[in-house]
Amino acid sequence: MTACRYLLRLILGTIEGMTPSPAVSAAGTLAADHPLMDGRTADSPLITAYRGGKPSRRPVWFMRQAGRSLPEYLKVREGIAMLDSCLRPELASEITLQPVRRHDVDAGIFFSDIVIPLKLAGVGVDIVPGVGPVLDKPVRTAADVAALPKLTWEALEPIREAVRLTVAELGKTPLIGFAGAPFTLAAYMVEGKPSRDHLGPRTMMHADPETWNALANWAADASGLFLRAQLEAGASAGQLFDSWAGSLGLADYQRFVAAASSRALDHVRHLGAPLIHFGTGTSELLVAMRDVGVDVVGVDYRLPLDEANRRLGGSVPLQGNIDPALLSAPWEVLEAHVREVIAAGSGAPGHVLNLGHGVPPETDPDVLTRVVKLIHSISPE
Ligand code: 1CP
């Protein structure tokens, strides 16, 4: 490493409160033995489609493919709290691999949660069964934000270890890393728990924009570092989940959220892995979400993919958008819907099949396997 580069790494390391990672080459790109760099995943159907190329088969994976729809998941999670399971590398890796083994999907999605960066920073947070993320103390004032502890690179070691274990098993199947976008993460922090309308964060951005910006920037850096740890340790793509962005109007999204989401991605752009941006209820935000600088836009089940592609001017590959509700419909109804989704996505510069949101816990896993078989049986031309 030249002295100049070393100095730069040192400065960057200081800014981000971390020591330089050995997984990063001197140039700050992915290491030569990373799955995306050593020939394992660069030509996979998933990465090919994300990059706008012609995949050998139609790629498909499911948001929340790991989790309560799988009996093998319920078994290994018995007696272990959700966040603890995320922080045990062998267990997180096993849970990530379960749906890949079972369904023959084209990617693993790393088993973790968007609030893990909070937990690893030292924020009091838990996932309450049947509820979701709950904070010991909501973050509502400038003093609350100023008191937030900083996430360090060292604290993310269990995440890197779980990713390393996982990609060693996945072979040519890419692992997707993820993080929560600042708005969605901050929504939990301000409310202190799940909410439907996200009134707290939406009030704060107008009533106290300075505090809101400080909180959104904190969340951007925590999520950005979390995603960077997964990508450097072996994930071949990264998805930013802004699940609740649909509660915002376009003007508020652009004024109070887009810059922070872009800041989260600034932590990983230089790595060159495809980046996907997804939210629900975001039909009116798709262009703004693309414009934070991503390679692929995820579309929820509300908007047909041909219309999404029209709104985006055919500029990026799309991911989506089988309606999760139809997973419990008769097979003929579901099959016709999947074929419609494929037809609607065919005009986009690339299409990765997925659901329009996560797998509902009551889904029969055999139905997911059958959907994967159907999608793979339809020629990618
Ligand atoms: O005990 C359990 O089974 C807890 C349920 C559960 C699971 C399986 C939670 C609590 N999180 C997860 C894993 C998880 N979370 C994954 C990896 C699994 C996979 O996709 O296969 C991912 C990507 C997430 C990300 C996540 N967590 C998001 C964004 C994705 C989305 O679904 O929109 C969000 C919003 C969360 C918060 C969260 N964590 C858990 C729940 C139940 C929730 C939602 C709560 C709410 O309704 O606000």
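Student: Let's start with the handedness: does H11 pass H12 in a left-handed or a right-handed crossing?
Tutor: You're looking at a predicted model, where local features need pLDDT of at least 70, side-chain atom pairs count only at pLDDT 80 or more, and totals for chains, interfaces and linings use all residues. Residues are numbered from 1 along each chain as its sequence is written, and side-chain values use heavy atoms, with hydrogens and water left out. A crossing is left-handed if the near helix is turned anticlockwise from the far one by less than a right angle, and right-handed if clockwise. The way H11 passes H12 is right-handed.

Student: At what angle do H11 and H12 pack?
Tutor: Both are DSSP runs (helices are H or I, at least four residues; strands are E, at least two), numbered from the N terminus. Axes are lines fitted to C-alpha atoms, for helices over the stretch in contact, and angles run from 0 to 180 degrees between N-to-C directions. H11 covers residues 209-233 and H12 covers 250-266. Their axes are 7 Å apart, and the packing angle is about 25°.

Student: And what does that make H11 relative to H12?
Tutor: Angles under 35 degrees count as roughly parallel, over 145 as roughly antiparallel, 65 to 115 as roughly perpendicular and the rest as oblique. The angle here is about 25°, so H11 and H12 are roughly parallel.

Student: How many nonpolar residues does the contact of H11 with H12 have?
Tutor: Contact means heavy atoms within 4.5 Å. On the H11 side you'll find residues including Trp212, Asp221 and Leu227, and they meet H12 residues, among them Phe256 and Arg263. Ala, Val, Leu, Ile, Met, Phe, Trp, Tyr, Cys and Pro count as nonpolar, Asp, Glu, Lys and Arg as charged, and the others, Gly among them, as polar. The contact has two polar and two charged residues, and the nonpolar ones number ten.

Student: H8 crosses H11 too, so which H11 residues make that contact?
Tutor: The axes of H8 (residues 157-170) and H11 come within 8 Å and cross at roughly 35°. H8 brings Ile159, Arg160, Val163, Arg164 and Val167. The H11 partners are Phe226, Ala229, Gln230 and Ala233.

Student: Moving to the loop between H5 and S1, is Asp106 buried or exposed?
Tutor: Asp106 sits in that loop. Buried means under 20% relative accessible area, exposed over 50%, and partly exposed in between (1.4 Å probe, protein chains only). The relative accessibility of Asp106 is 5%, so Asp106 counts as buried.

Student: Which side chain does the one of Asp106 join in a polar contact of 2.7 Å?
Tutor: A polar contact is a pair of N or O atoms within 3.5 Å; within protein, one must be able to donate a hydrogen and the other to accept it, and residues adjacent in sequence count only if both atoms are side-chain atoms. The side chain of Asp106 makes one with the side chain of Arg57, at 2.9 Å. The partner at 2.7 Å is His376.

Student: What about Asp104: which side chain does its side chain contact at 3.4 Å?
Tutor: Asp104 lies in the loop between H5 (89-103) and S1 (108-109), and counts as partly exposed because its relative accessibility is 41%. Leaving out residues up to four places away in sequence, Asp104 touches Arg57, Pro99, Val372 and His376. The polar contact of 3.4 Å is with the side chain of Arg57.
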